[in-house]
Amino acid sequence: MLNRETATFKRTYAEDMALYPAPLPRYTILVLLFLFFVVVPLVSSEYTLGVANLLGIASFGALGLNLLVGYTGQISIGHAAFMSVGAYTSAMLVSIMGLHWGLGMIAGGAAAAFLGMLVGIPSLRIKGLYLAISTLAAQLIIEWGINHLPFIPGGAGGSIYMDKPSIFGFQLKTNLSFYYFIYVVLVIGIVFALNLFRTHLGRSMIAVRDRDIAAEIIGINIFKVKLTAFGIASFYAGITGVLYTYYFGVANYEAFTLVVSIQFLAMIIIGGLGSVLGSVFGAVFISLLPIVLDIFLRRVGGEFMEESQIAAITTQIQLMLYGGLIMLFLVVEPDGLRKLWRNITDYFKVWPFPYL
Amino acid sequence: MLYNIELMINGLLVGALYALIALGFVLIYKASDIINFAQGEFVMFAGFILAASLQTYGLPLYVAILLAVVGMTVLALLVNRLVLQYMIGRGVVSVIMATIGLAAFLQGTAGLFFGIDTKDVPLPISEEPIFLYDILLSPLELYAALAAFVCIGLVSWFFIKSRIGIALRAIADDQQVSLAMGIDVKLYFAISWCVAGLIAVVGGIVWGHLLGVDTQLALVGLKVFPVVILGGLDSIIGAIVGGLIIGVVESLAAGFLDPIVGGGTKDFTPYVLMIIVLMFRPYGLFGKADIERV
Amino acid sequence: MTLLLVAGVFGTNASANEYTIGLMCDRSGVTGTIGNLICPGFHDYIRLFNKQNRLPGHTLKVMEIDHGYNVPRGVEAYERFKAAGVMTIALYGTPHTVALTPKLSEDHILGTSPGFGSAAGANGERFPYLFPAAASYWSQVASAVQFIQNNWKGSTQPKIAYIYYDNPAGREPLTIIGDLQKQLGFELQTYAVPAPGIEMRPQVLDITRKFKADWVVAHFFGQTGVALKEFSRMGHPREQMIGLVWAGGESDMKVAGWDKADGYYTVQMAHVGKDHPVNQEIVAMYKAEGKAPPEEMELSVYYNRGVSWAALHSEAIRATVESKGPNITPADVKNAMERINGYSERNFMPPFKMSPQDHEGGGYVRIFQVHDGGFRAASDWMQGYRDVVMKHVVSGE
């Protein structure tokens with residue numbers, strides 16, 4: 001965060017423990033909140049809001065995955081599968097059993113968390129590559145289950161339609177109303193994550209990531225910490241699935257395939273492992289990449305190519321860029337966009353007196 | 001009864017082909033501890049080179065194979081030099097993501113240069129089935145299985161007998177000591193990637209002919225994981241045995257489990273089997289039992 | 001970045017006498033091999049439409065966005081179409097069709113989804129702005145069974161094996177074929193090929209050596225080449241196999257080998273081949289521009305589907321302008337689409353008979369047979385067991 005750390009004095013414990021002890025970041029947060037909740041909705045077109053909604057949901061999902069991969073060091077290639085668990089649980093509860101959408105949301109997250117902890121059990125015995133492959137198996141098995149388990153309805157199409165949620169009789173229909181809904185949830189998610197790593201549990205997660213054996217020796221129950229991390233990450237994934245479902249008005253498992261899991265991993269790699277801000281950066285970057293590239297090539301290529309020719313090459317270039325950027329970041333800047341941002345803010349921390 | 005035997009034999013033949021892909025994977029893991037999620041894309045890329053030179057340019061088969069060998073060697077060297085060399089010793093997440101990024105990159109490149117439509121790799125092999133005591137066998141798969149076993153035999157010999165193989169085993173055992181003993185670790189990593197590229201050419205010929213070449217061909221890479229976990233990540237013999245077991249399990253699941261469940265279980269059972277193995281014997285049937293416990 | 005976004009969105013706003021059609025496509029995702037053939041066909045027909053000045057004083061414009069079979073990107077594409085003020089939207093992909101169906105009704109924009117989405121989407125009263133606008137999987141399988149019945153010479157009912165790719169679209173025909181089995185009394189066994197469906201020997205073994213099926217109905221998405229090879233190895237006559245719409249492209253036959261596919265029947269929703277006047281006109285258009293005819297036309301099964309898809313969109317817009325004048329809204333186009341009756345672009349595609357209830361247009365298909373390295377028509381445009389299909393469309397499952 002934009003930050004100047006000079007001349008901050010703390011007089012009470014409460015001040016010392018504040019999330020943002022220095023005054024400038026506090027104002028920055030207020031300005032950002034004002035920007036996102038007042039200015040953006042006022043000036044944005046319907047289209048921009050639609051994109052913003054997708055970015056918000058993706059950020060929430062990436063944040064959850066980062067808690068597991070970036071902070072606890074447990075890799076998961078099954079994040080999207082847990083999203084589908086949340087999506088189907090909430091859609092079934094709300095549209096078929098007629099429960100309130102809020103309950104459906106929490107139940108969706110809880111169901112995903114439960115399954116996530118189940119998948120996390122092997123993490124006691126195995127780690128690294130083995131864990132990666134067993135979460136890959138979880139992804140494929142959950143996909144298969146949603147397709148075949150008889151108690152999951154949705155007909156042959158595999159999709160459950162549901163009415164969009166309404167708050168105090170006001171139905172969320174427009175992109176604007178969903179914008180508020182999604183961003184309030186996102187802010188809650190971010191605040192929770194920021195605070196989590198100021199607690200005993202959060203610190204234990206980081207300890208397990210950095211050196212698990214040492215962590216065990218100083219008395220951290222590794223198994224419990226790992227399982228909790230799986231649970232929390234999957235809860236976030238479940239809520240992400242629920243958000244998609246409420247926003248689209250339908251739960252469909254094809255939105256949560258292996259490719260999507262990999263995309264979320266790419267988000268946190270490019271954004272920065274072990275960083276809340278990085279998760280958001282990565283989600284925005286990966287989601288906007290194809291859109292911006294498409295619009296750019298359409299503008300530039302439109303001068304000398306047919307529409308259909310542009311379309312034919314855009315997608316291949318997009319795939320190459322996507323893969324290439326993942327590799328480039330891993331080789332050149334393993335800490336991701338967050339680090340680049342850090343470099344900029346660090347520069348301004350002491351600007352204009354770099355000798356201080 | 002006949003049907004059951006045919007199912008078994010089919011499973012074994014397909015399993016040999018899985019083993020072929022798993023071999024490339026094991027080779028790289030053994031030498032450099034790198035988990036190659038792009039193994040399927042390697043096979044796909046080799047298939048594209050073959051199909052393009054056979055179909056688009058009408059070259060004879062041996063020239064096409066030669067081109068594929070050269071192409072895959074260059075590709076493997078480039079990949080090793082530009083990306084994966086930097087990944088050695090990095091965390092699992094980084095290594096996995098680097099090869100996943102490589103996979104996406106290869107998909108895009110193949111689509112851009114070779115076109116995205118399905119191509120085929122014609123081989124001069126008869127498709128007429130052979131009947132052995134009434135048991136139906138297809139010559140293509142017999143040849144393919146033969147090719148797989150020849151490859152596996154060569155690689156095994158290479159690892160056990162040749163000087164390069166001994167160096168590779170030394171590196172796999174302890175990188176630091178190997179360095180101290182004067183083994184050029186980077187060179188040998190490059191060599192192991194080249195060998196994996198060559199195995200991908202064989203995979204590209206066989207699988208490309210069986211399935212047709214397009215970007216979907218890369219999906220055969222997903223078959224690798226149950227095979228190598230079952231057999232043990234760093235064991236060549238494990239890749240063979242794991243491949244055969246998975247092949248038979250799949251075949252039998254499709255024959256017997258499908259009618260009961262009322263859906264396809266063939267691609268799902270290997271993963272269940274794999275999870276059971278992970279629970280009780282994480283290093284697989286033949287792997288080195290030095291899994292780090294916490 | 002924001003600047004670029006804004007420029008891109010507002011830069012595509014249509015001029016007064018230009019109507020935009022939003023075309024979603026998948027050129028890089030799992031169905032990319034098909035999308036790369038369909039979408040060029042769509043573009044070419046619209047260009048031909050403009051060249052021939054079919055809508056005097058106006059032109060049509062296609063705005064294509066690739067979503068790589070990724071749902072959020074499909075939703076983004078929809079938002080961009082909406083911001084660009086499109087008249088109609090061509091939806092690509094089943095999960096996208098499903099995810100956007102509620103939005104279409106909210107925004108009153110017509111969307112077509114030939115071959116995508118669920119068959120129940122044909123119910124115009126439940127989904128007023130969604131037009132499957134080509135035979136659904138239900139209609140296809142009913143027509144396939146009808147075709148088998150027409151051609152079966154045995155004294156008892158044939159044994160039919162239904163082999164399908166194990167996804168929702170693959171399972172969709174199960175209800176209809178099950179109903180028909182009860183009604184007609186043929187023996188039926190179903191075989192699922194799970195993803196990624198790269199190998200299906202056990203299923204084929206069962207069909208040919210254990211069940212000994214007389215006819216095989218195949219429902220695949222790109223696995224057809226492998227399947228045909230397997231069936232040919234097992235010696236099942238290809239003359240007793242029929243594939244639904246995604247199981248009969250030229251590239252599939254190429255993978256299988258044309259000689260091994262010879263005799264195989266395919267269900268088609270548009271003309272196959274490049275001999276039709278519409279194809280000839282497109283070739284002539286390219287020639288007049290001094291260019292070679294499009295490569296994609298060589299694979300005419302999917303290319304022509306793109307052409308017919310575009311023809312339906314342009315006809316709906318043309319009919320709207322004809323009756324309402326130049327100032328039209330997407331809702332007007334939807335009403336015109338519902339009034340299309342018998343339009344077939346010179347028999348290039350089925351004679352669509354739309355109504356506010358039936359958004360499928362009658363569910364006509366035509367059977368083509370693989371013959372001598374090409375396709376030949378084996379039937380006229382036909383419907384199969386329409387009563388059974390409509391019963392399910394009305395009940396919605």
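The radius of gyration is taken here over C-alpha atoms, and the globule rule is 2.2 Å times the number of residues to the power 0.38. With 356 residues, a compact globule would therefore have a radius of gyration near 21 Å, and the 21 Å of chain A agrees with this. The model is a predicted one, in which local features need pLDDT of at least 70 and side-chain atom pairs count only at pLDDT 80 or more, whereas totals for chains, interfaces and linings use all residues. Residues are numbered from 1 along each chain as its sequence is written, and chains are lettered from A in the order in which they are written.

The C-alpha trace of chain A spans about 65 × 60 × 45 Å along its principal axes. Chain A has 14 helices and four strands, assigned as DSSP runs (H or I of at least four residues for helices, E of at least two for strands) and numbered from the N terminus. Of its 356 residues, 52% count as buried, that is, 20 or more other C-beta atoms, placed from the backbone, lie within 10 Å of the residue's own.

Between chains A and C, 38 residues of chain A are in contact with 40 residues of chain C, contact being defined by C-beta atoms, placed from the backbone, within 7 Å. Two or more residues each are given to this side of chain A by α3 (46–71), β4 (250–252), α12 (276–301) and α13 (307–332), and α12(A) gives the most, with 10 residues.

Terms used:
Contact = placed C-beta atoms within 7 Å. Buried ≥ 20, exposed ≤ 12 C-beta atoms within 10 Å, placed from the backbone.
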